Amino acid sequence: MKLSHLAETLIGSEIIKLAGEIKEKQAKGEKIYNFTIGDFDPKVFPIPAEFENEIIQAYRDKYTNYPPADGIAELRKAVGGFIAEREGLNYDPNSEIVISCGGRPIIYATYRTIVDRGEKVIYATPSWNNNHYTHFMEGEHVVLEAKAENDFMPTAAELKPLLKGATLLALCSPQNPTGTTFGKKQLEDICDMVLEENKSRAAGEKPLYVLFDQMYWVLTFGDTQHYNPVSLRPEMKDYTVFIDGMSKAFAGTGVRVGWALGPKHVMSKMKAILSHVGAWSPMAEQKAAAKYLVQKEAVNKYLAHFKGEVEERLVKIYEGFDALKKAGHQVDAIAPQAAIYLTIKLDLAGKKTADGKELADQAAVTSYILDEAKLAVVPFYAFGSARNSPWYRLSVGTCVKEEIPAMLAALKAALEKLK
């Protein structure tokens, strides 16, 4: 039966397809090292105990009614204080902060508020879901294939030829799926370019806005430092919408507390859109988040432990891939920088299996690694990259660290069978 053009043309998720294959194998009793999902196993990475207790108490206190469309005042105030203290960003809780049930609704609301049908949206690949959100808006996809030598982060030089007539530039740092980040100079150059472009536009012409997804910004490792457009260039505040929240910073993906920071005129329209969609964070979770975020000592203690556990897993797997590379296998990895992701390379297309079957393309490589090494990772083509890209996202959110040596051994054995 005929449906809407949007429904008929929306592309299905490659990750969900892969998840189906994994579930089939697990149902047969196979041990799968599942590094596909950008989520956390609560048994491995629980939410903060103080936050959990506040949620339970909020439900006991009967906070089960509708919250305001832009979030309760005490949470907006707590978010404003949290961001001001930890990132040096100052946003008015009464007019420049909107609360929602995680990042997805506020990303959708940002697109819906800014982008009209047929307008240009610029985004790099690999990146998370910008292709789908642009499709929702019936916008024009202006896609930049980011390069491995730049850690898959777009540069000002690459973006500059694409800016004319564009309405939205979607950026993410730390980046999903790569776990890489913008360097200071790299992001400054992009900001300067956006400001220059907007100064060139006629009075009354829609400016170029930046959607800056920083959902993983507290999860940086080693010498990596997080930078954002507004701290680097205060003039960017008029054009930047931040996407942020507790989903990844506090392993609370199912708790559904996210927020947007941005210009007053944008936030007011996003609030109106979200009020009609009904995409607000639950009242009890909002009450709990408002009380938890101001507990500085508890937050610091949780983040220190959480970051240490994530980094340990990323580093161990990175070192394992580095050892395989040095042993002559066609694999590689980018050293961990941030988030819960490791960018790995499985450059195995064209090789033959032990029974003489050629791995004709990257899809065949993905299947071979899943079948032979029991390792499930997400190919970058699931995030908009070319179908022949040999790069993958490996997520450690459900990783039991004691299983890492066995996973690497299984991968090594699978690689050694190839000719």
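Asn130 is found in helix α6, which covers residues 130–137; helices here are DSSP runs of H or I with at least four residues, strands are runs of E with at least two, and both are numbered from the N terminus. The model is a predicted one, in which local features need pLDDT of at least 70 and side-chain atom pairs count only at pLDDT 80 or more, while totals for chains, interfaces and linings use all residues. Residues are numbered from 1 along each chain as its sequence is written, and side-chain values use heavy atoms, with hydrogens and water left out.

Asn130 counts as buried because its relative accessibility is 8%; buried means under 20% relative accessible area, exposed over 50%, and partly exposed in between, with a 1.4 Å probe and protein chains only. Apart from neighbours within four places in sequence, Asn130 is in contact with Tyr111, Tyr123 and Ala170, where contact means heavy atoms within 4.5 Å. With Tyr111 there is also a polar contact between the two side chains, at 2.7 Å. Such a contact is a pair of N or O atoms within 3.5 Å; within protein, one must be able to donate a hydrogen and the other to accept it, and residues adjacent in sequence count only if both atoms are side-chain atoms.

The view now widens to the whole chain. The chain holds 14 helices and 13 strands, and 55% of its 419 residues are buried. Of the contacts with a separation of 6 or more, 74% are between residues 24 or more positions apart. Along the principal axes, the C-alpha atoms fill a box of roughly 65 × 55 × 55 Å.
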